[in-house]
Amino acid sequence: DPQRTAFLLRKRWTLYSVTPLYGFSSARLRDYARMLSAFIAAEKQKGLAVEVGVELDIKVAVSSLPDLKGSDQDQAAILVQLSSRSPASLKNSEEKLVWSGWFCSVIGDALSQDVPHDFTCLPLFLVNGAESYTSIVGSWFQKTFDCCFRRLAISPLNLSWMAAMWTGCKVDKTASAMELVFSAPCLPQPLDISYAIHPEDAKALWDTVQKTPGEITQEEVDIFMDCLYSHFHRHFKIHLSATKLVKVSTAIASAHCDGIIKFLQSQYLTGVLMLLTELAISQIQ
C-alpha cells in the first residue's frame, strides 16, 4: 500500500543488522512502548538527556507494518517512533516526530528456519534520527531481547549490483540520471569523482548486457560496470577501476557504502528491502 509506506520514502535511513530477538511477541507492542518510554525517562534521570538543554516529554509508539513482507513466511515489520512535546503546554502542543526506526525481514526465510521458536528474526533495522536516540533504543532492545545490533556497511561489489539491478527497473521518462560516486585512494586530500549517466542510456546498455530478463549474474554486472568504466576513460583518461565505488543513486533508490539508504519509489520498496535483508543476514551468519 503506497499510502501506508509513503513516510519511508525520501528519508536517509541508516542500516543495522540485528541478531534474532529472544522472547519477542508482536502481540505485546503496546507493552513494549510503555517499557521503552520508562527506560528513556530513566536514562534522562541519569543525565543522559537526548537533547542537551531542552527538557522534552518523549512519547513512544510501537506498531506493526504488515505491508512490508515479501512472503507469508516473513515476520511483519515493526515500527518504533519517538515523538516530543514541550512540557509547558502538553495538552495544547502538537507532537513532533523526532526519531524513527523499523525492523523488517523481506524473504528472510533462510535465517528464520535455522533458529528456535522462541526467537523472532527481523535481521534488518533502519533508523532515521539522532544517534543519541538510536543508542538508547538499541540498548533497551539488546537488554530486553538479548539481541545485538551492528552497523551494516555496503561493499563496492554490492553497490555495483544495485546499480545494475535498479538500472533495469522501469520508471517514467522524467527519472533522474543514474549517478555513481567513486573515491580515489592514496591521495593527500580526499577526492570524489561523480559520474552521471542518462537513465535511458544506462538502461539501453544494461539491456544489451542482460541475457535473461529477470535474472542477473555476476558476469553481467561486471560487463555492465566495465562498459561504464571504458566510456569514462575514453573521455577523461581516468581508470575508475582503480578507485572505490562509494555511492549509487538511481530513480529507484540511493545507497552509500557507509550503510545509508534512501528509497525513492514505493513500488520497488519490497525489492530493495529484499536485497538489504540478504546483506543483513550474511553479516549475522
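Is Arg 28 buried, exposed or partly exposed? I found that Arg 28 is partly exposed, with a relative accessible area of 37%, where buried means under 20% relative accessible area, exposed over 50% and partly exposed in between (1.4 Å probe, protein chains only).

Before going on, I noted that this is a predicted model, in which local features need pLDDT of at least 70 and side-chain atom pairs count only at pLDDT 80 or more, while totals for chains, interfaces and linings use all residues. Residues are numbered from 1 along each chain as its sequence is written, and side-chain values use heavy atoms, with hydrogens and water left out.

**Salt bridges**

I looked up the salt bridges, each a side-chain nitrogen of Lys or Arg within 4 Å of a carboxyl oxygen of Asp or Glu, and the structure holds 4 of them. Asp 31 forms one with Arg 28, with the closest N and O atoms 3.3 Å apart, and another with Arg 34, at 2.3 Å from N to O.

Asp 31 and Arg 34 are 3 residues apart in helix α2 (residues 29-45), so about one helical turn separates them. Helices (H or I, at least four residues) and strands (E, at least two) are DSSP runs, numbered from the N terminus. In helix α6 (residues 199-209), I found Asp 207 and Lys 203 4 residues apart, about one turn of the helix, and their side chains meet in a salt bridge of 3.2 Å, N to O.

**Strand β4**

I then turned to strand β4 (residues 77-85), where 7 of the 9 residues are buried. Strands count as paired if DSSP finds at least two bridges between them. Strand β3 (residues 57-65) pairs with β4 in the antiparallel sense over 9 bridges, and Val 62 stands opposite Val 80 in β4. Strand β5 (residues 96-104) also runs antiparallel to β4, joined by 7 bridges, and Phe 103 in β5 is the bridge partner of Ile 78.

**Cysteines**

Last, I searched for disulfides, meaning pairs of cysteine sulfur atoms within 2.5 Å, and the count came to 0. Cys 148 is in no disulfide, and the nearest cysteine sulfur, that of Cys 147, is 7.6 Å away. Cys 186 is in no disulfide either, with the nearest cysteine sulfur, that of Cys 257, 16 Å away; Cys 186 counts as exposed at 81% relative accessibility.
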